[in-house]
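Welcome! Here is a friendly walk through one protein model, for anyone meeting it for the first time. Please keep the picture at hand as you read.

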Amino acid sequence: MFPPPPQPLTTLPSLPDLLLTALSVCFLVSSSKPNVASTRCPFPRRFLKFPAMSLTATPSKNTATALNTLPPRRHNFASPQSLSDWLRPRLPSESFASWGVKPGTKNVHNLWLELSQGETSLADSTPPVRTVHVVLVRVTAKHGKVLVESHQELSDGNVRKRGRPLSEKMKPNEDPESAAVRGIFEELGSAIVGAGPNPEIADIVTIDPNSYEMRVEERDSGSYPGLPGCYVLHTLSATVEGLPEGDFCTYEVDEYEGVVEEKNLADRAVSVKKHYWTWVSADSIQT
């Protein structure tokens with residue numbers, strides 16, 4: 001008696017079947033992940049930190065080149081009203097209505113001025129994403145402490161808490177070192193002893209060329225509720241001669257002076273009138 005014939009091997013799936021199975025698995029995996037809006041910050045990670053680099057000559061040029069990585073800037077808003085009409089259907093109504101009303105916030109005139117100066121870009125999305133380059137300057141004293149802006153007094157009478165080192169929005173194609181020097185004289189100039197109207201910058205400001213770092217953060221804007229923000233933060237350390245050793249305040253001469261031809265537009269924006277500064281230990285702050 002012959003043994004029973006061997007059972008046939010299990011038939012291997014054909015190539016098309018394998019491809020269909022793989023695609024099905026990919027679909028299941030991808031559909032199980034939360035949807036990510038396409039309007040997020042146009043940088044690969046929520047926090048990016050780059051190693052320190054020198055800001056002399058060539059590195060500064062490289063840094064300036066990096067500023068051009070922003071998405072196209074929207075400059076086609078003829079007036080604050082046209083910007084308001086564009087924003088209204090793209091933002092939560094309650095949030096947008098609080099601009100310039102909620103203490104510490106700015107209004108649509110401020111955002112229009114930022115756009116007209118090239119300090120801010122808006123992604124054409126819902127909601128729009130505001131991208132801004134900011135230089136953070138850790139002004140250090142001989143005793144090792146760091147200067148921090150504790151709060152600001154605004155033109156509408158409100159007070160806005162800060163608790164951070166000197167910060168300044170960067171102009172288009174401006175390198176961090178230049179923005180840092182500009183910010184120091186704009187915000188601290190009235191308190192620098194011996195600065196005068198035409199100070200010798202090299203005699204007053206010294207920037208540590210090895211202190212430069214850059215990182216990217218995503219967070220909602222405190223100035224413009226409901227508007228997502230992408231902040232490209234450039235950090236530098238500097239010393240400034242002639243500053244008071246204790247707490248002090250400085251005056252903002254005119255935040256929007258000479259920015260627009262129609263001064264009434266700037267007058268309707270919320271501006272900073274006074275900055276209040278204090279010295280704190282370096283390990284008590286994070287930039």
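Predicted model: local features only at pLDDT ≥ 70, side-chain atom pairs only at ≥ 80, totals over all residues.

Setting aside neighbours within four places in sequence, Lys 106 is in contact with Trp 99, Gly 100, Glu 114, Arg 160, Lys 169, Ser 223, Tyr 224 and Val 270. You will find Lys 106 in the loop between H4 and helix H5 (108–117). Is Lys 106 buried or exposed? Lys 106 is buried, yet has no salt bridge. The nearest side chain of opposite charge belongs to Glu 114, 4.1 Å away.

**Charged pairs**

Side chains of opposite charge can pair when their charged atoms come close. How many salt bridges does a search of the whole structure find? The search finds 10. Three of them are set out here.

| Pair | N to O distance |
|---|---|
| Asp 124 and Arg 90 | 3.8 Å |
| Arg 182 and Glu 186 | 3.5 Å |
| Arg 219 and Glu 217 | 2.4 Å |

The salt bridge between Asp 124 and Arg 90 links distant parts of the chain, 34 residues apart. Asp 124 sits in the loop between strand E1 (120–122) and strand E2 (130–140), while Arg 90 sits in the loop between helix H3 (80–87) and helix H4 (93–97). Asp 124 is exposed, at 53% relative accessible area, and Arg 90 is partly exposed, at 23%.

Arg 182 and Glu 186 are four residues apart in helix H6, so about one helical turn separates them. Arg 182 counts as buried at 18% relative accessibility, whereas Glu 186 is partly exposed at 36%.

In the pair formed by Arg 219 and Glu 217, Arg 219 counts as partly exposed, at 33% relative accessibility, and Glu 217 as buried, at 14%. Elsewhere, salt bridges with shared partners join Glu 168, Glu 174, Arg 182 and Glu 186 into one network.

**A look along H6**

Helix H6 covers residues 176–188, which makes 13 residues. From first C-alpha to last, H6 reaches 17 Å, close to the 18 Å expected at 1.5 Å a residue. At the start of H6, a side-chain oxygen of Asp 175 comes to within 3.1 Å of the backbone nitrogen of Glu 177. The buried residues of H6 include Pro 176, Val 181, Ile 184 and Leu 188.

**The nonpolar cores**

In soluble globular proteins, nonpolar side chains tend to be buried together. Which members of the largest nonpolar core touch the most other members? Of its 29 residues, they are Val 137, Val 139, Leu 147, Ile 184, Leu 188, Leu 243 and Phe 248. At least two residues of this core come from each of E2, H6, strand E6 (205–207), strand E7 (213–220), strand E8 (228–240) and strand E10 (272–280).

Beyond its neighbours within four places in sequence, Leu 243 is in contact with Val 139, Leu 147, Leu 188, Ala 191, Ile 192, Phe 248 and Trp 279. Another core, of 17 residues, lies apart from the largest one and has Trp 86, Leu 91, Leu 115 and Ala 269 among its members.

**Two backbone details**

A cis peptide bond joins Thr 126 and Pro 127, with omega at about -5°. Pro 127 lies in the loop between E1 and E2. Asn 173 has a positive phi of about 65°, although it is not a glycine. Asn 173 belongs to the loop between strand E5 (166–169) and H6.

Definitions and conventions:
Residues numbered from 1 in each chain as written. Heavy atoms only, no water. Expected span 1.5 Å × (residues − 1). Buried < 20%, exposed > 50% of the residue type's maximum accessible area, 1.4 Å probe, protein only. Polar contact = N/O pair within 3.5 Å; in protein donor to acceptor, adjacent residues only side chain to side chain. Salt bridge = Lys/Arg side-chain N within 4 Å of Asp/Glu carboxyl O. Core = buried A, V, L, I, M, F, W, Y, C linked by side-chain atoms within 4.5 Å. Contact = heavy atoms within 4.5 Å. Lys, Arg positive; Asp, Glu negative; His and termini not counted.
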